[in-house]
Amino acid sequence: MEKNLSALGFMSGTSGDGVDTSVISSNGKDTINIKYNRFDPYPTSLSNKIHRLKESISKMQDLLKYSSEIDKLELEITDFHIDIAIKATKEVDYDLIGFHGHTIYHNTEEKISKQIGLGANLSKLTNKDVVYNFRQNDIKNGGEGAPLSPIYHLALIKSLFNENKVKIPISILNIGGIANITEIERDFKITSRDIGPGNCLIDKWIRKNSDKLFDENGTLADKGKTDKFIFDQYLDNYYYSKVNSKRSLDTNDFDISFAKGLSLENGTTTITDLTSELLSKKIGINDIYICGGGRKNKYLINSLKKKINNKLYFIDDLNIDGDYIESQAFAFLAIRSYLGLPISFPSTTNCKKPSIGGIFIKKS
């Protein structure tokens with residue numbers, strides 16, 4: 001019988017609101033035991049720094065221009081993760097850490113994906129083996145560096161399938177800052193891609209036009225009206241020309257300038273309806289289980305339901321907390337990296353061959 005390893009996984013998503021942490025045990029293939037989840041919000045000052053820096057970096061040269069700010073933020077983010085890992089150690093045992101870091105620049109044409117986070121510092125101060133910088137091997141192998149969660153989605157579904165809790169084929173739709181979908185067919189083959197903005201446009205509009213960070217439950221979108229002219233113009237002029245061909249997307253692929261001049265509510269409604277429209281165009285025919293923060297936006301989910309014929313379920317219906325799929329995924333990717341198993345595939349990231357990922361730091 002294969003030995004299960006236990007790993008802690010971190011995810012600091014594009015919303016920049018804090019860090020999701022999970023501990024799972026797994027054989028790296030088809031057994032998943034979720035042992036621990038927690039969320040730690042960033043202080044407002046740190047969250048603001050993340051958004052300011054990310055919005056300043058729009059091209060490769062900006063990584064050099066803002067290098068000193070990047071270095072300072074990297075240290076601050078790493079220290080925040082170290083504190084969480086030490087707290088988690090007091091509550092749950094684990095063998096190693098999967099450290100995603102925070103993405104500040106992702107451009108598939110330039111073959112650059114920059115996550116900040118100091119793996120060596122994390123290993124030294126927690127006295128744990130650490131796997132980090134997960135995307136670089138995939139990019140070297142011709143991939144786009146994302147999405148990386150699909151192999152975890154597959155393992156999770158295999159585990160649930162073995163318990164007769166789900167049927168195949170099936171899809172998992174993760175609505176984070178960017179939305180991605182993993183389609184799992186009858187032979188357990190997977191395909192995946194980013195399919196559009198998730199929360200990123202809505203969150204940015206709310207941050208720029210109110211004192212809130214996001215549209216809780218879709219309440220603001222529910223109060224407004226969609227501007228049909230802006231809606232149609234955006235679909236015609238922007239999306240199909242610039243973004244439609246990519247497998248991996250970044251929040252910088254989208255902006256909110258098209259909604260300028262709209263009221264807070266009407267802008268939120270228009271942007272939310274546009275988000276659901278873009279997602280609906282890239283969803284296949286399988287039944288779908290939704291995870292990620294966007295599943296809590298009732299207006300967005302109802303708008304999406306009206307546009308597609310698929311059955312939509314929440315992954316929470318399977319007794320799995322949909323907030324922590326990505327942090328669990330990076331714990332799983334750490335286990336696979338430790339075992340020398342690939343984490344990305346031609347059908348998930350467009351890489352030329354299955355790619356083993358992550359830099360391994362052994363505790364000293």
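So, let's start with Glu183. Buried or exposed? Its relative accessibility comes out at 11%, and since the cut-off for buried is under 20%, Glu183 counts as buried. Quick reminder that this is a predicted model, so everything I quote is computed from that prediction.

What does Glu183 pair with? With Arg193: the two side chains form a salt bridge, 3.5 Å from N to O. Look at where the partners sit: Glu183 is in strand E9, residues 178-184, and Arg193 is in strand E10, residues 190-197, so the bridge ties together parts 10 residues apart in sequence.

While we're here, look at the loop between E9 and E10, where you'll find Phe188. Phe188 has a positive phi, near 65°, and it isn't a glycine. As for accessibility, Phe188 is at 24%, so it counts as partly exposed.

There's another one like that. Asn217 also has a positive phi near 65°, and it sits in the loop between helix H7 (200-209) and helix H8 (219-223). Asn217 is partly exposed as well, at 38% relative accessibility.

Back to salt bridges. How many are there by this rule? The count is 18. One of them is Asp250 with Lys54, at 3.2 Å N to O. That pair links distant parts of the chain, the partners being 196 residues apart. Lys54 is in helix H1, residues 44-56, while Asp250 is in the loop between helix H9 (228-242) and helix H10 (264-280). And both partners, Asp250 and Lys54, are buried.

Next pair: Asp323 and Lys296, with the closest N and O atoms 2.9 Å apart. Both are in loops. Lys296 is in the one between strand E11 (288-291) and helix H11 (298-307), and Asp323 is in the one between strand E12 (312-314) and helix H12 (325-338), so this bridge ties together parts 27 residues apart in sequence. What about accessibility? Asp323 is partly exposed, with a relative accessible area of 24%, and Lys296 is partly exposed too, at 43%.

How far apart should the ends of H12 be? At 1.5 Å a residue, its 14 residues should span 20 Å, and the end C-alpha atoms are 20 Å apart, so the two agree. H12 is also mostly covered, with 13 of its 14 residues buried. Just after H12 comes Gly340, which takes a positive phi of about 75°.

Last thing, the peptide bonds. Pro147 lies in the loop between helix H5 (136-140) and helix H6 (150-162). Then there's a cis bond between Ile168 and Pro169, with omega about 0°. Pro169 is in the loop between H6 and strand E8 (170-175).

Conventions. Residues numbered from 1 in each chain as written. Predicted model: local features only at pLDDT ≥ 70, side-chain atom pairs only at ≥ 80, totals over all residues. Heavy atoms only, no water. Salt bridge = Lys/Arg side-chain N within 4 Å of Asp/Glu carboxyl O. Helix = DSSP H or I, 4+ residues; strand = E, 2+ residues; numbered from the N terminus. Buried < 20%, exposed > 50% of the residue type's maximum accessible area, 1.4 Å probe, protein only. Expected span 1.5 Å × (residues − 1).
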